Amino acid sequence: MYSMMIVDDSNIMRRKIERIQQGTQFNIVGTANNGKQAVQMFEQLHPDVITMDLTMPEQDGINTIPIIRQLSSSVRILVVSALSDKATAIKALQKGAQGFVCKPFTDIELQDALCELVED
Amino acid sequence: MQDKRLTVFVQTITHYLNQTTNGGINLGTPYLNDNSEPMAYDYTGIIGISGSHKGCVYFTAPRALISHMLVKMGETDLSDSNFNDMVGEVANIISGNARQELGPEFMISVPVVIRGELEEIHLPDTVRSYVIPLFWNNYRAAIVVSLENKS
């Protein structure tokens, strides 16, 4: 079982990801709606896996990923974003993410990406 | 705005709605609308655009359509905040997906959601808006693209 934190400014997107993960090997331990809240929550919860949106108020995902990466070299970060251009995906990976899923996604696409993330 | 750019938004909204609602979406013929009288339904999610373009992209829909979309997604909480969230997220996804064609300099803001009339937003007065009508399950909605090309 992997502990997982969801970071997204959209409540319906957080709830959608939670629903997809019900009954899987990923146990949701926390949700955050911006980057600052995500860092605070990460320091308390130390989840194994994070799904990270990029476009968020206060602190976006691109600036949050390296902060979390500095706190932990082992956490697996999956970017889940509507920003579908290659440059953004490459930037997110360079900052410390290990995977990228573009919104909109199907249940299977998200589940496959999370499984790949922890198998690597 | 060139027709090619309009096609990008038609493709992104079609892809989004087909995936989230299992199809059945029909698009009407896009038309130009004067920015002094922006069109809106009950809920409108607006994304500000900067960088290579300047202006905004918004998704506007009646309450009944958003309710139906939320149910299709498996959402049980049909509170007003989730209606706001839904139109904001649709606008975010359409605009974000457009970067695949328009590039990373097509910078998008976080969504702003408005209920009812669009008196609070100011569309660029030097261009007119393209309205892309959407028809789904007897509901009407629209994507509105109001952009100046800066590059």
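**Stop 1: chain A as a whole**

Select chain A: of its 120 residues, 56% count as buried. Keep in mind that this is a predicted model. Trace the chain along the sequence and the order reads β-α-β-α-β-α-β-α-β-α. The radius of gyration of chain A is 13 Å, close to the 14 Å that the globule rule gives for 120 residues, so chain A is as compact as a globular protein of that length. Draw a box along the principal axes: the C-alpha atoms of chain A fill roughly 30 × 30 × 30 Å.

Then show the surface. Chain A has an accessible surface of about 5,200 Å², and carbon and sulfur atoms hold 45% of that.

**Stop 2: the largest pocket**

Bring both chains into view. How much volume does the largest pocket have? The value is about 390 Å³. Of the 19 residues in its lining, select the ones closest to the centre: Asp60(A), Ile62(A), Leu83(A), Arg99(B) and Met107(B).

Next, highlight the elements around this pocket. Helix H4 (86-95) of chain A, strand E3 (43-51) of chain B and strand E5 (106-108) of chain B each supply at least two lining residues. H4(A) gives the most, with three residues. Colour the lining of the largest pocket by class: nine residues are nonpolar, five polar and five charged.

**Stop 3: the largest cavity**

The largest has a volume of about 50 Å³. From chain A, select Met13(A), Lys16(A), Pro104(A) and Phe105(A), which are among its lining residues. By class, the lining of the largest cavity has six nonpolar, one polar and two charged residues.

**Stop 4: the second largest cavity**

The second largest cavity holds about 30 Å³ of space. Select Leu17(B), Ile25(B), Phe59(B), Leu65(B), Met69(B), Leu134(B), Trp136(B) and Ala141(B) to show the lining of this cavity. Helix H2 (63-72) and strand E7 (129-136) of chain B are the elements that give two or more residues here. What classes make up the lining of the second largest cavity? Eight residues are nonpolar, with no polar and no charged residues.

Stay on H2(B). Its buried residues are Leu65(B), Ile66(B), Ser67(B), Met69(B) and Leu70(B). An α-helix has 3.6 residues a turn, so residues three or four places apart point the same way. Step just past H2(B) to Gly74(B), which takes a positive phi of about 90°.

**Stop 5: Asn92(B)**

Finish on helix H3 of chain B, where Asn92(B) is found. Is Asn92(B) buried or exposed? Asn92(B) is buried, with a relative accessible area of 3%. Show its contacts, leaving aside neighbours within four places in sequence. On chain A, the partners of Asn92(B) include Thr55(A), Ala82(A) and Lys103(A). On chain B, they include Ile47(B), Ile108(B) and Pro111(B).

Terms used:
Residues are numbered from 1 along each chain as its sequence is written. Chains are lettered from A and ligands numbered from 1 in the order in which they are written. This is a predicted model: local features need pLDDT of at least 70, side-chain atom pairs count only at pLDDT 80 or more; totals for chains, interfaces and linings use all residues. Side-chain values use heavy atoms; hydrogens and water are left out. On a 1 Å grid over the protein atoms alone, a cavity is a set of points where a 1.4 Å probe fits but cannot get out, and a pocket is an open set with protein on both sides within 12 Å along at least five of seven lines; lining residues have an atom within 4 Å of a point. Grid points are joined across faces, edges and corners, and a volume is the space filled by probe spheres set on the points. Ala, Val, Leu, Ile, Met, Phe, Trp, Tyr, Cys and Pro count as nonpolar, Asp, Glu, Lys and Arg as charged, and the others, Gly among them, as polar. Helices (H or I, at least four residues) and strands (E, at least two) are DSSP runs, numbered from the N terminus. The radius of gyration is taken over C-alpha atoms; the globule rule is 2.2 Å times the number of residues to the power 0.38. Buried means under 20% relative accessible area, exposed over 50%, partly exposed in between (1.4 Å probe, protein chains only). Accessible areas come from the Shrake-Rupley method with a 1.4 Å probe; for residues, only the protein chains shown count as cover. Contact means heavy atoms within 4.5 Å.
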